[in-house]
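This report is a first walk through one protein model. It takes up charged pairs, a metal site and a helix in turn.

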Amino acid sequence: MRQRFGIGYDSHVFAAGRPLILGGVEVEHDRGLKGHSDGDAVTHAVIDALLGAAAMGDIGRLFPDTDERWKGADSIALLKEVRHRLNAASYTIVNVDVTVILEAPKLAPYIASMCDNVSRSLGLPQSAVSIKAKTNEKMDSVGRGKGIQVFAVASIGGA
Ligand SMILES: [Zn+2]
């Protein structure tokens, strides 16, 4: 089995009147993330890392935001769909590592649930999913709390 790697990145701007969903977990905060779907930047970055590892395009190509089917979509459902597409192409997901950059709120109380959601959606043991959060030390727009940035790396095995 040959090992392959993919990188994923996502960013969303905070917006009032929306729940903050990250890794399929609702995080207590006074704002959520703007987006056509639920704005789950963690799950979106993981999806792009997996698709990148398989050279199967990106989230925008698979689930276009012009398509009403994906409006307000549960991103965890999209992640499960990506898992099925990779499996159908004979790829095995090995592990995922994520770094979330945001000034607030603190994600520490939610990280275990986020890892649990992502690992279960991908059919992986918890030891195969890592999610870390950090601030941008008040630098730039993310540091001023305007939005969130997420980086993800995925490893898969296959042809
Ligand atoms: Zn996104």
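## Charged pairs, a zinc site and a helix

Glu81 is partly exposed, at 31% relative accessibility. The model is a predicted one. Glu81 forms a salt bridge with Arg85, which is partly exposed as well, at 34% relative accessibility. Both residues belong to helix α3 and sit four residues apart, about one turn of the helix. In an α-helix there are 3.6 residues a turn, so residues three or four places apart point the same way.

The structure holds four salt bridges, among them those in the table.

| Salt bridge | N to O distance |
|---|---|
| Arg85 and Glu81 | 2.8 Å |
| Asp97 and Lys132 | 2.5 Å |
| Arg31 and Asp30 | 3.5 Å |

Asp97 is in strand β5 and Lys132 in strand β6, so this pair ties together parts 35 residues apart in sequence. Asp97 has 31% relative accessibility and counts as partly exposed. In the remaining row, Asp30 is exposed at 61%, whereas Arg31 is partly exposed at 29%.

The zinc ion has Asp10 (OD), His12 (NE2) and His44 (ND1) as its protein donors, 2.0 Å away. His12 lies in strand β1 and His44 in helix α1, 32 residues apart, so the two link distant parts of the chain. His12 is buried at 14% relative accessibility, and His44 is buried at 7%.

Helix α4 covers residues 111–122 and spans 17 Å from its first C-alpha to its last, close to the expected 16 Å. Its buried residues include Ile111, Met114 and Leu122. The buried residues of α4 pack against elements including α1, α3 and β5. Gly123 follows α4 and has a positive phi, near 70°.

Definitions and conventions: Residues numbered from 1 in each chain as written. Predicted model: local features only at pLDDT ≥ 70, side-chain atom pairs only at ≥ 80, totals over all residues. Heavy atoms only, no water. Donors = N, O, S within 2.8 Å, 3.2 Å for Na, K, Ca; no water. Buried < 20%, exposed > 50% of the residue type's maximum accessible area, 1.4 Å probe, protein only. Expected span 1.5 Å × (residues − 1). Contact = heavy atoms within 4.5 Å. Salt bridge = Lys/Arg side-chain N within 4 Å of Asp/Glu carboxyl O.
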